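Here's a quick briefing to keep beside the viewer while you click around.

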Amino acid sequence: MAKYFKCFTNKNPLSYTCGEEIIFTVFAREDGKNIDCKNVKWEMQGDDGKKINGKAKITAEKPLTLKYYLERAGFVHLNCIALDGDGKEIEGFDPLDSSAGADVLTLSYSDCLPDDFNEYWAEIEKTVAEFETQVVCLKEKDRDNREGFREYEVMVKTPFGRNASGCITIPLGGEKYPIRISFLGYGIHAAYYEYDENKICACFNAHGFENDKSDSELEKIYGSELSFYGFSDEENASNMTTYYRGMMIRNLIALKYVKSLPEWNGKDIISVGGSQGALQAVTVAAHDRDVTELIAYKPWFCDLNAEAQGYLKGWRPKFAEGLRYFDTVAQGMHIKCPIQIHCYLGDYVCPPKTVMALFNAVKGEKQIKFVQSARHSYFPPEKEELDGAF
């Protein structure tokens, strides 16, 4: 097992108030046991604009103790890195990213809905509803010696642009089943096959390309075209030219197709995704009222204007007029089904403040779970899950 840091706070990290002292206690660990770390570089940076840093020594008996207080509602991000004698990061010693928040239930959307938001999406919903479902390609598969399922890849025509393209598995039990539709994170990825003997499982890729190629093969074919897709300032200036318009229309067409399957029970649909997939899952739930449950892991694209208000920066396109129609928080305001959100407190691709803005914007039934010290693509060896018992 790698060496790593373990962080504790003096109370639930979501329960502080502004001005209250936050105490982080950091141990160096290996195989669940405290160890020495002679040189630790640390930094704390808050949504209130303060930043402090330093170096320290950790021993098995004496951890690092750091204190911070937030001057406004938000989060403070703690980062720790283990250094060798030359001041270089120690390979095989996982860095630490943890957070604690103050008055997190007051964190709100840093923007407002465009005046024509509802009109814009009503037109998209109308286009999808009136568009006749047309299967462009359907390929039966026989994968991994899986018995008891029908497996196939499908491409479905869309009103314009690329097809919707995904992988579907259907149990062969002769029953009517709920639908579980899932979407993928940022990048050039083929859809994958999921199996559940009690559900129709559908997974659609973000770009409408074929799913019978590896990600490396797709990268060779589409890498130039899709390099940093969705980050073009010129495209994002308008809600008609941003890449996310076509992506979301493909997703809505994809779900419309899956609902046409005779094996669907006609009443249950779960929309699921992580990161960019969560953006897609939330948007589909906002504009297809048949969705009955929504699960969003580390949701991306939340509260795009937060950085202009001084909150810690995430990784996403620069705020632009056309993107305001696709902000995950804006979409979350329009969902009617229950939602479960998963937030990683060390994730500064999708900063905790922006995820809390989504949670606070949802008007209906909702739940949020946190993982301390988890980053966007990293779970700590000693995973600490926290319920948002709000």
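**A lysine to start from**

Lysine 353 is found in helix 7; helices here are DSSP runs of H or I with at least four residues, strands are runs of E with at least two, and both are numbered from the N terminus. Lysine 353 counts as buried, at 2% relative accessibility (buried means under 20% relative accessible area, exposed over 50%, partly exposed in between, with a 1.4 Å probe and protein chains only). Bear in mind that this is a predicted model, where local features need pLDDT of at least 70, side-chain atom pairs count only at pLDDT 80 or more, and totals for chains, interfaces and linings use all residues. Residues are numbered from 1 along each chain as its sequence is written, and side-chain values use heavy atoms, with hydrogens and water left out.

- What does lysine 353 touch, leaving aside its neighbours within four places in sequence? It is in contact with Asp47, Phe75, Leu107, Ser108, Ser110, Asp303, Ala306 and Tyr311 (contact means heavy atoms within 4.5 Å).
- Helix 7 as a whole is mostly covered, with nine of its 10 residues buried.
- Besides Lys353, the buried residues of helix 7 include Pro352, Val355, Met356, Leu358 and Phe359.
- The cover over those buried residues includes strand 7, strand 8, helix 6 (328-332), strand 16 and strand 17.
- Helix 7 (residues 352-361) lies across strand 16 (339-344) and strand 17 (366-372), and runs at about 165 degrees to strand 17. Axes are lines fitted to C-alpha atoms, for helices over the stretch in contact, and angles run from 0 to 180 degrees between N-to-C directions.

- An open sheet of 10 strands runs in the order 9-10-11-13-12-14-15-16-17-18, with mixed pairing (two strands pair if DSSP finds at least two bridges between them).
- Strand 9 (135-141) and strand 18 (384-387) are its edge strands, each pairing on one side only.
- From one strand to the next, the twist averages 20 degrees.
- Strand 16 is largely enclosed by the rest of the structure, because five of its six residues are buried.
- On one pairing, strand 16 runs parallel to strand 15 (residues 293-297), joined by four bridges; alanine 296 stands opposite isoleucine 341 there.
- Strand 16 also runs parallel to strand 17, joined by six bridges, and isoleucine 339 has lysine 366 in strand 17 as its bridge partner.
- Elsewhere in the sheet, strand 12 (residues 177-183) pairs with strand 13 (residues 200-204) in the parallel sense over five bridges. Serine 182 has cysteine 203 in strand 13 as its bridge partner.

- Four strands make an open sheet in the order 5-4-7-8, and the pairing is antiparallel.
- Strand 5 (51-58) and strand 8 (96-102) stand at the edges with a single partner strand each, so one side of each has no neighbour in the sheet.
- Strand 4 (residues 37-46) and strand 7 (residues 74-82) pair in the antiparallel sense over seven bridges; lysine 41 has isoleucine 81 in strand 7 as its bridge partner.
- Glycine 49 sits in the loop between strand 4 and strand 5 and counts as exposed, at 60% relative accessibility.

**Cysteines**

- How many disulfides does the structure hold? The count is zero (a disulfide is a pair of cysteine sulfur atoms within 2.5 Å).
- Cysteine 201 is buried, with a relative accessible area of 3%.
- For cysteine 337, the closest cysteine sulfur is in cysteine 302, at 15 Å, also too far for a bond. Cysteine 337 is buried too, at 6% relative accessibility.

**The whole chain**

- The protein chain has seven helices and 18 strands.
- Of its 390 residues, 55% count as buried.
- The C-alpha atoms fill a box of roughly 65 × 50 × 40 Å, taken along the principal axes.
- Among contacts with a separation of 6 or more, 66% come from residues 24 or more positions apart.
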